[in-house]
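Have your viewer ready and try each task before you read its solution.

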Amino acid sequence: VKDLIPNCEYYFRVKAVNKIGGGDYLELRNPIIAEDPKQPPDPPVDLEVHNPTSKSVTLTWKPPLFDGGSKIMGYIVEKLAKGKERWERCNDYLVPLLTYTVKGLEEGKEYQFRVRAENAAGISEPSRITPFVKAVDPIEAPKVFLAANLQSGLEVKRGDEIILEAHISGSPYPSITWLRNDEVVRPEDIKKRVTAPRKKKGESILSIRDSIRADHGTFTIKVENDHGVAKASCEVNVLDTPGPPVNFVFEDLRKNSVLCKWEPPLDDGGSEILNYVLEKKDNTKAEMGWVTVSSTLRHCKFHVTKLIEGKEYLFRVFAENRVGAGPPCVSKPMTAKDPFSPPDAPNKPDVEDVTSNSMLVKWNEPKDNGSPIIGYWIEKREINSTHWARVNRNLVNALEVKVEGLLEGLTYIFRVCAENAAGPGKFSPPSDPKTAQDPIIVPGPPSCPEVKDKTKSSVALAWKPPQKDGGSPIKGYIVEMQDEGSTEWKKVNEGDKLFPTCECVIPNLKELRKYRFRVKAVNAAGESEPSPATSEIPVQDILEEPEIFLDLGAQDLLSCRAGTTIKIPAVIKGRPVPKTFWEYEGKAKTAAKVAATDTRSEIIIPECNRSHSGRYSITAKNKAGQKTVHVRVNVLDVPGPPKDLKVSDITRGSCKLSWKMPDDDGGDRIRGYVIEKRNIDGKAWTKVNPNCGSTSFVVPDLITGQEYFFRVRAENRFGVGPPAETIQRTTARDPIHPPDPPIKLRIALVTKNTVSLTWKPPKNDGGAPVTHYNVE
């Protein structure tokens, strides 16, 4: 019987039935309640022991696998001391959870434990019994951890309270000691501002009221028991104003300025020094207060200016951090004055290298009187004037100066004074008078003559003018020569004539005779010393082998388009003048024109074509030798016709064309081929493709039965060349083969002297209609 309602009461009855009908019912006397049967639960499982101490132990378990059909109301925990036989109940009331701490154990004794589950039907069998557990405290080394806010240190302002909190563990519970900078912290050591560390099991708190700067340092908590020692430290920074700067000194003292220097405070107050404040005071007047010089100094020095010479000053400097300014460091009194005096006067200057507009003034260095000389001032005066004029706009660091811009013919005197950090000194005595005019002397010698050219009766010379003209323009040059074997120098110039330029030609010399030459320069003061003489020079013609220079953009290859004019110009050098002639591939080129002079030769080929491509040579020849230069000419044109055009693989809709590359590519790479077709009745050629990159092509879209001619032309970047055409016509049709055999041969009707046969045509007719069948 199914689908009963839980907790409802039911009656049941049964009767038997046969084909005649049903009999009487048999009924239950008492009703039945629809509920599951109830029984005590199974025992709990996975009983475990945790955290045993000398007086307690914690048990955990899992519920029974089967609750007996009724909810578990709680658990009963039992213990058995070692050596005893009777189990004792540990809990007065049922334990509702799956854990329980058994207390009241005797230290040092061993115990076993078990647990029972209870429901409405009763108490379960006991769980698995635990092993013996001894009631002793666990061994644990001490541990200590500072509060999370102290992990990176603690920073407080002066007057705030310092609170340090630590968390402690260990068994037995460890002893606790607080230290600052490795010294034990005692309230009496810090003027009773320290509250005795509050101790609560598991934590310790140290508090210092009204903190001062001296409280900063490393605070350490030390915990210790029989099993070890543990420490934790925290850097405590008490922020305060910085101490006074130290070692205030003066440097580079001047009459109106001084450089103040100091060192940072020994204690920065626990915060970075942001800046310094420098103040000054007039110490000669008691009523005068402190005046701020600068309040934004980042460095430990400052150059104080605008002091009054002779006055006595006091200076003081404060250091500032983000808390505020600390006490000052006060300097000793300082009087504003220079520690040195201006330099002495130099000696009387000397004047040298006098010209019409300049003079060189020199002097000796005077005594500097305690400060290095930084330069000199120079003054000039015309002898008939009373006014001294400054020569230099800026200080001169050397002991001489070239004075320019003087007026020719006037007489000048000069004087000099030195300057150091204290200022300019006294002027020197004036120099001796000097008149501005150029000195005139004979010029220097010219350079050694060089042979520029020579023949069998003359020599051409050239030289460079002298480096110094002696103060007067060069009028001309005298050339002298010395004959072979002689020590006498003879003048080459005719009469008193001078060679006006730095070159000349000396004629009427004897062939194969050797001569030496030298040159003199002449100005208003006279003749110069002679130049270095040349070596012995033989008089004879100069032989130079021919040289040919092709005036082309490309020396080795000349490319041009067909139909244009080819010009190959050449420059010819050589002595005597060479004879020239042109050749094409080793032979004279009759179609070319040659235009020639002594120094140039040019070959011209009008309206060139591909046949003019090849190697052209020009040869120059004289007594000294022979020179030949080659240049290759490439005439660029459209390519020639392709070769061996053939038609193959003919079908009713296509055919294959194949050919070979032209013998002549027109001098340029063939880019492709243009393929055209024409039917036998038409006159116009139709392009089959825009461009074919290979030497074969399948022509599509042919009309079945139509006859065609084909042609192919090669193309390069200069155009499309002449075609190669098919000679025989090509008919668009499939090739004919014997047909396949007929299929599905059957016997239809048989008589005494005949038989009727039927079949179907072959699948492939071989490319032509079947004309008849042979029966065997």
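This is a predicted model: local features need pLDDT of at least 70, side-chain atom pairs count only at pLDDT 80 or more; totals for chains, interfaces and linings use all residues.

Residues are numbered from 1 along each chain as its sequence is written, and side-chain values use heavy atoms, with hydrogens and water left out.

**Exercise 1.** Find the residues with the most contacts inside the largest nonpolar core.

*Solution.* 
Step 1: A nonpolar core is a set of buried Ala, Val, Leu, Ile, Met, Phe, Trp, Tyr and Cys residues joined through side-chain atoms within 4.5 Å; buried means under 20% relative accessible area, exposed over 50%, and partly exposed in between (1.4 Å probe, protein chains only).
Step 2: The largest such core has 24 residues, and Leu-164, Trp-178 and Ile-221 have the most contacts inside it.
Step 3: Among the strands (DSSP runs of E, at least two residues, numbered from the N terminus) that give two or more residues to this core are E15 (162-171) and E20 (217-225). E21 gives the most, with five residues.
Step 4: Ile-221 touches, among others, Val-144, Ala-166, Trp-178 and Ala-232 (heavy atoms within 4.5 Å), with residues up to four places away in sequence not counted.

**Exercise 2.** Are Arg-518 and Glu-480 buried or exposed, and what joins them?

*Solution.* 
Step 1: A salt bridge is a side-chain nitrogen of Lys or Arg within 4 Å of a carboxyl oxygen of Asp or Glu. Arg-518 and Glu-480 form one, with their closest N and O atoms 2.6 Å apart.
Step 2: Arg-518 is in strand E43 (residues 514-523) and Glu-480 in strand E40 (residues 476-483), 38 residues apart.
Step 3: Both residues are buried.

**Exercise 3.** Describe the salt bridge between Asp-644 and Lys-660.

*Solution.* 
Step 1: The closest N and O atoms of this pair are 3.4 Å apart.
Step 2: Asp-644 belongs to strand E54 and Lys-660 to strand E55, so the bridge ties together parts 16 residues apart in sequence.
Step 3: Asp-644 is partly exposed at 44% relative accessible area, and Lys-660 is partly exposed at 48%.

**Exercise 4.** Which strands give two or more residues to the nonpolar patch?

*Solution.* 
Step 1: The patch covers about 840 Å² and includes Leu-745, Trp-759 and Tyr-773.
Step 2: The strands are E62 (743-750) and E63 (755-760).
Step 3: Tyr-773 sits in the segment after E63. Its relative accessible area is 35%, and patch residues need over 30% and no salt bridge, with nonpolar side chains (Val, Leu, Ile, Met, Phe, Trp, Tyr) joined within 5 Å and like charges within 9 Å.

Methods
Accessible areas come from the Shrake-Rupley method with a 1.4 Å probe; for residues, only the protein chains shown count as cover. Helices (H or I, at least four residues) and strands (E, at least two) are DSSP runs, numbered from the N terminus.
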